[in-house]
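I opened my notebook to get to know a new protein chain. Come along and look things up with me.

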Amino acid sequence: MPGGAFLLNSGGGMADYGGGLTVPVVVTCLMAASGGLIFGYDIGISGGVSEMESFLEKFFPGLLKRTAHANKDVYCTYNNQALTAFTSSLYAFGMVGTLLASRVTRRLGRQVIMLVGGSLFLAGALVNAAAANVAMLIVGRMLLGLGLGFSGQATPVYLAEVAPPRWRGGFISAFPLFISVGYLVANLINYGTSRIPGWGWRLSLGLAAVPAAVMVAGAAFIPDTPSSLVLRGRHDDARAALQRVRGKGVDIGAEFADILAAAEHARRNEEGAFRRILRREYRPYLVMAVAFPVFLNLTGVAVTAFFSPILFRTVGFESDAALMGAVILGVMNIGGILASGFAMDRYGRKLLFMIGGALMFTCQVTMASIIGSHLGNGSKMPKGYAVAVLIATFVFSASFSWSWGALYWTIPGEIYPVEVRSAGQGAAVALNLGLNFLQAQLFLAMLCCFKYGAFLFYASWLVVMTAFAVAFVPETKGVPLESMGHVFARHWYWGRFVKEQNKFGDEST
């Protein structure tokens with residue numbers, strides 16, 4: 001049946017799920033995906049606030065004095081570990097929050113985890129806005145990080161479990177879309193508050209409470225996922241939740257039966273999810289849980305997002321122009337995510353990896369070439385070349401959003417079997433946040449040490465990760481969650497680990 005959402009049934013045939021793109025499922029998924037706002041807002045705010053003179057004067061006066069004088073090496077002007085700790089500390093605590101959430105999400109449900117995450121982020125925003133010293137900043141960052149960890153662990157899985165299979169990629173990409181929207185809004189706010197002397201930075205940090213409140217309100221009005229409710233034995237509530245998101249009058253019998261079967265398979269194989277994912281038959285999922293966050297960080301996008309205003313100032317733009325460049329970067333992110341959400345469920349995931357990888361590689365090499373040739377000791381880059389770097393950064397940002405930016409959340413959110421879903425997603429998000437911490441803490445030192453070679457470092461990894469995606473990431477377009485095992489079992493390499501199954505747990509001969 002063309003365009004339908006199907007599941008291989010126990011007889012080897014195809015079961016057609018009812019329902020489609022209904023108002024309830026759209027509203028539910030958008031309210032859940034709004035949690036991405038807090039990710040994007042913090043990424044944008046951190047880089048911009050660390051550029052504000054009033055913020056530096058209060059917390060990092062030594063660095064402000066250094067930037068006021070000519071420096072022999074422009075690559076090293078902003079290399080200050082205390083300043084980068086302001087950004088990176090959030091991601092260390094985010095990693096802790098993700099691991100905590102993955103331990104309790106099965107008992108509490110996805111919805112409760114998202115509520116807790118939004119509440120912690122809200123508290124952190126208020127503490128940061130009132131910060132009187134570096135210690136208060138770090139406490140606020142700790143609360144923000146725990147909030148990010150909880151919401152990042154639960155939200156993509158929530159979207160994967162609720163969205164109709166035919167449009168799952170597009171719905172999961174709503175999460176990185178909201179990240180991009182949050183990033184854009186943060187940079188617009190930074191652009192305005194940078195003109196407020198003395199306390200503009202407080203307004204930037206305090207307004208993080210707004211996306212946190214949006215997330216809390218959204219999570220409060222949506223049902224938990226049917227899979228999560230079934231795993232906790234609440235079958236009637238699970239059926240009601242599935243009927244609510246699929247729409248009244250839609251036949252949910254086949255889909256609900258498969259959710260029950262998947263949950264029963266998980267119970268028959270009851271074992272700690274983290275221990276289970278280490279077993280041989282789950283090797284592909286473990287590899288994906290590690291490879292995706294590692295490769296995501298090796299694109300170089302995290303440091304571009306965190307420090308784009310600083311990077312633009314390094315190549316010769318003044319403060320206002322650098323902040324406006326970061327705003328345009330946010331617009332490019334949104335454009336890339338929207339294009340990706342449209343394309344991934346029509347043309348598949350692999351095409352996005354190939355196009356995005358090629359464009360990002362070209363941009364990194366271009367930036368390295370220009371910066372290496374025209375940025376020297378004690379000098380600013382000529383205006384024309386600085387504009388070229390800016391354009392390359394914009395294209396890079398859109399290419400990232402089109403590929404790894406959207407697919408990092410989509411593919412790990414959809415591939416894991418229900419019995420290891422919380423562990424797989426938790427491990428992937430925790431590792432990503434841990435690597436965000438290392439990158440945020442080390443990038444300015446890396447830029448100081450390697451100079452333009454830092455961009456060539458990321459370019460080389462783009463070749464590796466694109467080849468990995470083409471060879472080892474199965475195409476999952478339109479495949480129901482409960483049928484993902486079949487995709488891996490038929491893969492040229494992963495088939496040696498995952499056995500073909502007729503139905504949850506019965507190996508075929």
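My entries below go from the whole chain to single pairs of side chains.

**Ground rules.** I am reading a predicted model, in which local features need pLDDT of at least 70 and side-chain atom pairs count only at pLDDT 80 or more, while totals for chains, interfaces and linings use all residues. Residues are numbered from 1 along each chain as its sequence is written, and side-chain values use heavy atoms, with hydrogens and water left out.

**The whole chain.** I looked up the secondary structure and found 23 helices and 4 strands in the protein chain. Helices (H or I, at least four residues) and strands (E, at least two) are DSSP runs, numbered from the N terminus. Next I checked burial: of the 509 residues, 59% are buried. Buried means under 20% relative accessible area, exposed means over 50%, and partly exposed is in between (1.4 Å probe, protein chains only).

I then looked at contacts, meaning heavy atoms within 4.5 Å. Among those between residues at least 6 apart in sequence, 79% join residues at least 24 apart. The chain exposes about 18500 Å², and carbon and sulfur atoms supply 66% of that. Such areas come from the Shrake-Rupley method with a 1.4 Å probe, and for residues only the protein chains shown count as cover.

**A nonpolar patch.** Which residues form a nonpolar patch on the surface? I noted F342, Y347, L351, M354, I355, L359, V387, I391, V395 and V470, with about 830 Å² of accessible area together. Patches are made of residues with over 30% relative accessible area and no salt bridge; like charges are joined within 9 Å, and nonpolar side chains (Val, Leu, Ile, Met, Phe, Trp, Tyr) within 5 Å. Three helices each supply at least two residues of this patch: α18 (319-347), α19 (349-374) and α20 (383-415). Helix α19 gives the most, with 4 residues.

F342 counts as partly exposed because its relative accessibility is 47%. The charged end of R346 sits over the ring of F342, 3.9 Å from its centre. For this label, NZ of Lys or CZ of Arg must be within 6 Å of the ring centre and within 35 degrees of the ring normal.

**Around helix α3.** I found S54 in helix α3 (residues 53-59). Is S54 buried or exposed? Its relative accessibility is 15%, so S54 counts as buried. Leaving out residues up to four places away in sequence, S54 touches G198 and W201. I also noted K58, whose charged end sits over the ring of F59, 5.8 Å from its centre.

**Aromatic rings.** How many aromatic pairs does a search of the whole structure find? I wrote down 24. Rings of Phe, Tyr and Trp (its six-membered ring) pair if their centres lie within 6.5 Å; planes under 30 degrees apart count as stacked, over 60 as edge-to-face and the rest as tilted. F295 and W404 have ring centres 6.0 Å apart and planes at 70°, so this pair is edge-to-face. F295 is in helix α16 (residues 283-298) and W404 in helix α20, so the pair links distant parts of the chain, 109 residues apart. Both F295 and W404 are buried.

W494 and F497 also have ring centres 6.0 Å apart, but with planes at 45° the pair is tilted. Both W494 and F497 are buried. One aromatic cluster is formed by F292, F295, F353, W404, F468, F472, W492, Y493, W494 and F497.

**Salt bridges.** My search of the whole structure turned up 9 salt bridges. Each is a side-chain nitrogen of Lys or Arg within 4 Å of a carboxyl oxygen of Asp or Glu.

- R141 pairs with D42, the closest N and O atoms being 2.8 Å apart. R141 lies in helix α7 (residues 134-162) and D42 in helix α2 (residues 36-49), so the pair ties together parts 99 residues apart in sequence. R141 is buried at 1% relative accessible area, and D42 is buried at 5%.
- R234 pairs with D237 at 3.0 Å between the closest N and O atoms. R234 is partly exposed at 39%, and D237 is partly exposed at 36%.
- D345 and R349 meet at 2.9 Å, N to O. D345 counts as buried at 15%, and R349 is buried at 1%.
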